[in-house]
Amino acid sequence: MVRGHFYGLDARQQANLRAAAGDHEIFKSSYTREGTLTYEPNLVAFSFRFELRDTDSETDAEAEQRVTEIALDRARASLATMGVDHRHLRATATNMASVWE
């Protein structure tokens, strides 16, 4: 999960994001390899949900670091493609194998 805040949106960016807000509701989101962007029409905060798997790391801590770095890179790339600036980008990871045990 990558979270952040929109920053410095101009009127055109705001209008475009608000027009598409219905497609980015939390109830339409899922964890995907490509990432799912969610936000509310007030355009304060956003989140990306990624499903990432790490089979190369030797420890859980190493795996968490790797997948959070990948998720942050993908979120930054997606925001750049959208032409949207951001602040306070942060990522958290959950090892689903530990949840299923």
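Which residues touch the most other members of the largest nonpolar core? The legends below take up this point in the third view.

**View 1. The whole chain, a predicted model.** Local features need pLDDT of at least 70, side-chain atom pairs count only at pLDDT 80 or more, and totals for chains, interfaces and linings use all residues. Residues are numbered from 1 along each chain as its sequence is written, and side-chain values use heavy atoms, with hydrogens and water left out. The chain holds three helices and four strands, in the order β-α-β-β-α-β-α from the N terminus. Helices (H or I, at least four residues) and strands (E, at least two) are DSSP runs, numbered from the N terminus. The C-alpha trace spans about 45 × 25 × 20 Å along its principal axes. Of the 101 residues, 29% are buried. Buried means under 20% relative accessible area, exposed over 50%, and partly exposed in between (1.4 Å probe, protein chains only).

**View 2. Helix α2 and its buried residues.** Helix α2 covers residues 60-82, 23 residues in total. From first C-alpha to last it reaches 33 Å, close to the 33 Å expected at 1.5 Å a residue; the expected span is 1.5 Å times one less than the number of residues. A63, V67, T68, A71, L72, A75 and L79 are buried in α2. An α-helix has 3.6 residues a turn, so residues three or four places apart point the same way. The buried residues of α2 pack against β1 (2-7), β3 (45-49) and β4 (85-91). After α2 comes G83, with a positive phi near 70°.

**View 3. The largest nonpolar core.** V2, F6, L17, Y39, F46 and F48 touch the most other members among its 17 residues. β1, β2 (36-39), β3 and α2 each supply at least two residues of this core. The most come from α2, which gives four. A nonpolar core is a set of buried Ala, Val, Leu, Ile, Met, Phe, Trp, Tyr and Cys residues joined through side-chain atoms within 4.5 Å.

**View 4. The surroundings of V2.** Neighbours within four places in sequence are left aside. V2 is then in contact (heavy atoms within 4.5 Å) with F46, S47, F48, F50, A71, L72, A75, L89, R90 and A91.

**View 5. M96 in helix α3.** Helix α3 spans residues 96-100 and includes M96. M96 counts as partly exposed because its relative accessibility is 38%. The C-alpha atoms of M96 and E40 are separated by 27 Å. Along the chain, these two residues are 56 residues apart.
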